[in-house]
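Open the structure in your viewer and keep the selection tool ready. Each stop below says what to select and what is there.

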Amino acid sequence: MQIFSQEELIKQLDSHRIWIETVGDKGEKLGVDEIDFRSIDLVGYPLDQAYLTACTFDGMDLKNIDMSSSLLCSSTFKNANLANSDFYKADLSYTDFTNAYAQSARFAKTDCSEAVFFNANLTSSKLIACSLYVTDFRNANLSNVDVSSSSFKDTLLKGANLKGIRGIEEAFIKSINVGTPESPILLEGEEAKQWLIRNSSINKEPELLHTDDSSGSEQQ
């Protein structure tokens, strides 16, 4: 684990801002691991094109933050305000957005493999051309989200609000999980696609998967 004082972190943030403004001629690209940013006011600091692995941003007000093209894998944004934030082309694999407020955020062309958006509010966000491998959207608000050209594989959707989701016809849907990680209920291919289409047009919790036995229905 890296250990920096608050003053040292601010110096690195300033250096990264100069690096961005001068297109790499001056300053230095930010690269840190396992840093807790909760005591730092990040307003005014660009965080695009940075390496911020396994860092903590829980509960922070990061609305309008630019983290595009950054490496953020294994970082945590639990309960953070990410409204209108930009994660374009970022690596968000294994990142935790539990309970985050990310309305109208841009996640286009991001790697969200095994990222967690449990109970997050992603209303009207752009999830275009994303990798959604085992991405956890359980109980998330995905209303009016655009998933055009995104790849679904074992994507967790139990309890998600899917009202008005766009781009399903253009998405690559291999499989979705409407159960839990412990008790998965997988739908594949066309069945998964039709399930998403049906649930995007109804304003209620996603429909239960009909099974012939009672144990299957209890898992919905």
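Select Asp 146 and Arg 166: the two form a salt bridge, with the closest N and O atoms 3.9 Å apart. Asp 146 sits in the loop between strand 3 and strand 4, and Arg 166 in the loop between strand 5 (155–156) and strand 6, so this pair ties together parts that are 20 residues apart in sequence. Keep in mind that the model is predicted.

Are the two partners buried or exposed? Asp 146 has a relative accessible area of 13%, and because the cut-off for buried is under 20%, Asp 146 counts as buried. Arg 166, at 41%, is partly exposed. As background, side chains of opposite charge can pair when their charged atoms come close.

**Two further salt bridges**

Next, select Glu 169 and Lys 193. Their side chains meet in a salt bridge, 2.8 Å from N to O. Glu 169 is in the loop between strand 5 and strand 6, while Lys 193 belongs to helix 2 (residues 189–200); the pair links distant parts of the chain, 24 residues apart. Lys 193 is buried, with a relative accessibility of 19%.

Now move to Asp 136 and Arg 138. This is a salt bridge too, and its closest N and O atoms are 2.7 Å apart. Asp 136 is buried, at 7% relative accessibility. How many salt bridges does a search of the whole structure find? The search finds seven, and the total covers the whole structure.

Zoom in on strand 4 (residues 151–153) and strand 6. The two run parallel and are joined by two bridges. To see one of the partners, select Ser 151: its bridge partner in strand 6 is Phe 172.

**Confidence**

Finally, colour the chain by pLDDT. The average over the chain is 91, and 90% of the residues score at least 70. Then select residues 203–220, where the pLDDT is below 50. In the model, this stretch has 29 contacts beyond near neighbours in sequence. Where pLDDT is low, the predicted coordinates should not be read in detail.

Methods. Residues numbered from 1 in each chain as written. Predicted model: local features only at pLDDT ≥ 70, side-chain atom pairs only at ≥ 80, totals over all residues. Heavy atoms only, no water. Pairing = 2+ DSSP bridges. Helix = DSSP H or I, 4+ residues; strand = E, 2+ residues; numbered from the N terminus. pLDDT = per-residue confidence, 0-100. Contact = heavy atoms within 4.5 Å. Salt bridge = Lys/Arg side-chain N within 4 Å of Asp/Glu carboxyl O. Buried < 20%, exposed > 50% of the residue type's maximum accessible area, 1.4 Å probe, protein only.
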